Amino acid sequence: MASRGRSERQASVLVLLACAFPCVLPMATSPARPVKNDGRGYDLRPRALAFDVMCEVCDDNRPLDEALRHSGVGSLPPQRRAFVRKLTTQTVRRIHQLDAVLYSHGELPTSRPLLNLLRLGATQLLILDVPEYAAVSTSLDLAQDQGMGNFKGLVNKRLRAVSEERAAHAARLADMSLALPPWLSAEVALHGGPEAVEGVGRAMLSDPPLDLTLRMPPGLGPAGSATPGDEASAGDTAAQAASLGGKVLAGTTVRLPPKFRGQLPTMPGYTDGAWWVQDLAASAPVRALAAGMDLRGARTVDLCAAPGGKALQLLAAGARLTAVDRSSARLERLRENLARCAEGADGEVEEVVRGDAARWARERIAEGETFDAVLLDAPCSGTGLVRRHPASVLKPRKAVDMRRLHKAQHELLREGCALLRPGGVLVYATCSLLASEGEAQVAQFLADMGVPQSDWEESSVAAANAADLQPRPPGVRIELSPLAAEELPPELAIGVTPEGYLRMLPCMCADQGGVDGFFVARFVRT
């Protein structure tokens, strides 16, 4: 696949050259040369594979991890494989800073393959500290290999200019306000101004730690009261954390050491289902639900349940769980996680359903079925996961895609609240940094339900919903149930807003390794 992609890009470059510079192309072109040693002791194959990965990420919108898995990088020797991974990861994470560096020496080329080649060269010079002669000469040979030999003069001039001003460029790389794309910086600034922008930018450049959630109740009960057996649970948590080589956060999360590279299936407790992988912030929605009601024996539906981390939390808290998800592949992962972890939990699985959550909810509502609690981790842009998936924010989502997401979130909120019995609790969550999927979405929903609540306004949400809004379900009245800091552990309480939402940013808990970005709101049916 990598060679096919390379040939297609060579063809596109040749077409571009033919249009712009017809006199510089030969009358005929030969097939792409196999990647080989450049004659000076440098194997071009790792850099050629890195180039393929960058083009797939930037041009084809393929996730970085997926591109690395399918690019042929795994066939390289370990040291060269590590070099490709580091080169591409650093280039993707710092792509906006690198573009600022390259732009300081002239206009950025309109050819995407050429721009990716320059980005990789700049990363080698400024971040990986590759000697100038090695970074420049291999970039020139790579340009030749990729059918861009006519641009070797530009590549040489631009990269040597970058190298000559390394000290000046260090300041650009230290400027965290340049790390995020401008569209995302504007969104993050709504939650904390320039400091938040710089903090999230810094978080995006760092490797996130790996968190494990232990199979035990999430911590605090209704109104912040301690759950039974807390002292014993604390002792168990400390013992498990020690056996796993990690540290305890928020009572039931174990954070593994930075740059952990162990094999999870070989670790203590894996086979017994004593824990599962879940970021600290991702555990917040169930913690908020458990703080609002006693989940022991509560009929609870997880409307977008796969891959299952929150469903397992609900079972650990004693809930009677119905899990719904539309994706067959993701539902299979949920079933695997339930098979490994659910047996020792206090709760029970009542039903696992494959299907559209909103349609399923309408069918159950028509049958008169109600639940004590609803967890809605809604589909969203995923912008809160910038530490794990930096490539996901390289470009803003298309307006039509965002409208589709806004509509789906609104519909799921509406149907989820109608599933509740009077007095039942719903928690809405997204792993998004966008107000349109958090504060503004909730404000719009409450207004549509006849409960004006917030000063947040977002015309895109209103526009997304206006054409398809349906009357409020008969007899359904919903109120916001504001979160209080004392209901959550300190690591999460810092994200509670004056409106009673939870807004976690990737820069929070920075001294402990940070968290994923999350938004959480809680509702009660009156």
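Q: How many cavities of 30 Å³ or more does a search of the whole structure find?
A: Happy to start there: in this predicted model, the search turns up 2 of them. A space counts as a cavity because a 1.4 Å probe fits inside but cannot get out.

Q: What makes a residue part of the lining of the second largest cavity?
A: A lining residue has an atom within 4 Å of a cavity point. For this cavity of about 30 Å³, the residues are Arg47, Leu117, Leu120, Gly121, Gln124, Ser139 and Leu142. Helix α6 (112–126) gives the most, with 4 residues, and α7 (132–145) supplies at least two.

Q: How is the lining of the second largest cavity divided by class?
A: It has 3 nonpolar, 3 polar and 1 charged residues. Gly counts as polar here.

Q: Why are β2 and β4 said to stand at the edges?
A: The open antiparallel sheet has the order β2-β3-β1-β4. β2 (247–249) and β4 (275–277) each have a single partner strand, so one side of each lacks a neighbour in the sheet.

Q: What makes β1 and β3 a pair?
A: Pairing takes at least two bridges, and β1 (residues 211–214) and β3 (residues 253–255) have 3, in the antiparallel sense. They therefore count as paired. Asp211 stands opposite Arg255 in β3.

Q: Why is the crossover from β6 to β7 called right-handed?
A: β6 (residues 320–325) and β7 (residues 348–354) run parallel, joined by 6 bridges. The chain crosses between them through helix α15 (residues 328–341). With the strands pointing away from the viewer, a clockwise path over the helix is right-handed, and this β-α-β crossover is of that kind.

Key:
Residues numbered from 1 in each chain as written. Predicted model: local features only at pLDDT ≥ 70, side-chain atom pairs only at ≥ 80, totals over all residues. Heavy atoms only, no water. 1 Å grid on protein atoms, 1.4 Å probe; cavity = no way out; pocket = protein on both sides within 12 Å on 5 of 7 lines; lining within 4 Å. Points joined across faces, edges and corners; volume = space filled by probe spheres on them.
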